[in-house]
Amino acid sequence: MVAGSAGAEGGRNGVNKRPDDISNDNSELPEKVDTPSDPRQPRGSDDLNLPPREHWENRFQFLLSTIGYAVDLSNVWRFPFLCYKNGGGAFLIPYFTTLIFGAMPVFFLEMCLGQFNRCGPTAVWEKMAPMFKGIGIASCLMAYIVAFYYNVIIGWSFFYLFASFTSKLPWTTCFNSFNSENCWQIDWSTNITSANSEDPGEADGVTVMSAGSGDPKPLNRTYNASVSVSSTMEYFERGMLELDKSSGLDDLGIVKWQLALCTMLTFTLLYFCLWKGVKSTGKVVYVTATLPYVIMTILLVRGVLLPGAGEGIRYFITPNIERLRRPKVWIDAAVQIFFSVGSGFGTHIAYASYNKFHNNCKRDCIVTVIVNSFTSLFSGFVIFSYLGYMSLKTQKDIDKVATEGPGLVFIVYPEAIATLPGSVGWSIIFFFMLLALGLDSAFGGLESPLTGIRDELCQLMRYRYFREVLTFLVIVSAFIFSIPCIMQGGMYVFTILDTFAAGTSIVFIVLCEVVAVSWFYGLPQFCADVEKMTGEKPNLYWRICWKFICPFLLTIIVVSSIISYQPLTYRTSHGTYTYPFYANIVGWVIACSSMSLVPGYICYRLLRNKGSFKQRLALAISPQCEHEEIVQKKIVKRFQKVHWLSI
């Protein structure tokens, strides 16, 4: 790892200074700028009063890190189901349309912000448009909150992985201590008459005898479609979560100690992968970012050889053009791709800030979105080959088998794997894949607040072990806040966080980010910055997307997500839990806690500045490098018509 040298950076970037790049004289400003940095220039770290900023060891580490962060569990458990539900192959039309004109331009914009300014998601706004610093703070807060529940999913993966090291997978049997009388083993005969759901007492059924099956005790049980629950479902709900011991939010029960240990293991791994910054993260991603593709390829080869796999894949890709007439399909595509690339959390800004100044970030952006989309499609073929097999084996339609979210990877997929020869081995490699997918995304999620805090407390970086102590405090506090999610009723808390922590709020933050850069900072200035780094000015496609298309798409998503909001419910094997009214209020408070930081900081900045309202506004929306010109010459470029009309 080569740290950024002040001499090298200053000599290289000195020729790139703009005519208006002048030094600050705080005595002449109507306020003291509350940042340790001088006016924004592409200079060395020493010129900014920051410690020398480390670099990625090589470009490949940065690329793998961004790919690893963008490719996460949603590529496996959400995209395939959305594609199937929203028209199969036809869904790719709105998906790639939104990718090309929305998500990819935002992704490129974030990379440029971090790389040019060489600072994290909070300090970058102090340089470009000080009143929008709330955007960076909100991004870090959201990434931190997401860590509370996202790392619990990785803990679940560890739980299943450890449970797989046995002669017989525990979710394949109904004779565990946690199983109920309604449990139905996945290897019992499927030649049954489903019960009448309206009157299960009078329904026909088939009595299953366990004699000769190797089970430890005889069992008489009649299948009833109304009440029978698969052994895989009971293992997830009763064996791991112990959800049956909680009646809801008002009765969360006790901490499930096995999950607590698995989640603690997750946070411990995160600490040792993050405590040295990109020095440690850059090496770990060689494994975590590549291993999932090896395992998915193995799973696909096995999956396509299963009976029914072809029918499952056909369901996945068969286009239904009629579905494209529904606005919900386009909204689903937009939400999925924006979330999938991971914009808005500040991670791309943080990662790019460790790049060398002249790195070709546009190339990295394009490669990452291509790999991300390929992974989504590839995982769809993997998942639906097994869903087709399960549909044939259980004699159920695909739409009765297919699901999204945790249910797909912790219930449906383990059930399919359990029916294969060598199921233990297949289970082990599958949950290794989930761990790899989850961990590198978790690295990126916590790197955002860590980089943001380090930049704000840069003066403390001179102290030995400051980075390690800061990382420890962030990791430990995140683990403490995750404890409610690993209690017996933790799934009810998990659902609230999953719905609100980064739902409407993350799209709102991305919208503010794009507007702040393309309208307030200004596209001509931003494009000039990009040209200094890459030697190439962004073409008309990028500029039109940044200024018009992205804000339009994001506004539609924000408004639609608010209008289409439904009160929280959670469906369990024994019914649907309707959340109390206060839970929805708590959820919106969580969402607004980050969104409110944007207008809140704008008000704070305007009140904090000195002078008339016009002078305050001028300093709040202008880059630091223009502050002296504004004070001395009363020239405010952002008050001129040409600034707002230029692209």
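**Contacts and burial in a predicted model**

User: Which residues does Thr122 touch, not counting residues up to four places away in sequence?

Analyst: In this predicted model, Thr122 touches Lys133, Gly136, Ile137, Cys140, Gly452 and Glu456, with residues up to four places away in sequence not counted. Contact means heavy atoms within 4.5 Å. Thr122 itself sits in the loop between helix H5 (92–117) and helix H6 (123–128); helices are DSSP runs of H or I, at least four residues, numbered from the N terminus.

User: Why is Thr122 called buried?

Analyst: Its relative accessible area is 5%, and buried means under 20% (exposed is over 50%, partly exposed in between, with a 1.4 Å probe and protein chains only). Thr122 is therefore buried.

User: What makes the pair Thr122 and Glu456 a polar contact?

Analyst: Their side chains are joined at 3.2 Å. The limit is 3.5 Å between N or O atoms, one able to donate a hydrogen and the other to accept it; residues adjacent in sequence count only if both atoms are side-chain atoms.

A word on the basis: residues are numbered from 1 along each chain, and side-chain values use heavy atoms, without hydrogens and water. Local features need pLDDT of at least 70 and side-chain atom pairs 80 or more, while totals for chains, interfaces and linings use all residues.

User: Which residues does UniProt list for "binding site"?

Analyst: The unreviewed entry lists Gly68, Ala70, Val71, Asn75, Ser340, Asn372, Leu437, Asp440 and Ser441. They are spread over 374 residues of sequence, yet cluster in space, with a largest C-alpha distance of 13.7 Å. Such annotations may be inferred rather than shown by experiment.

User: Why does Asn372 count as buried?

Analyst: Asn372 has 0% relative accessibility, so it counts as buried. It lies in helix H15 (residues 361–394). Leaving out residues up to four places away in sequence, Asn372 touches Ala70, Val71, Asn75, Tyr95, Ile337, Ser340 and Val341.

User: Is Ser441 buried or exposed, and why?

Analyst: Ser441 is buried, because its relative accessible area is 6%. It belongs to helix H18 (residues 423–456). A polar atom of the Ser441 side chain lies 3.3 Å from the backbone oxygen of Leu437.

User: Which residues touch the most other members of the largest nonpolar core?

Analyst: Trp156 and Phe410 do, in a core of 188 residues. A nonpolar core is a set of buried Ala, Val, Leu, Ile, Met, Phe, Trp, Tyr and Cys residues joined through side-chain atoms within 4.5 Å. Helix H7 (residues 133–164) gives the most to this core, with 20 residues.

How values were computed:
Helix = DSSP H or I, 4+ residues; strand = E, 2+ residues; numbered from the N terminus.
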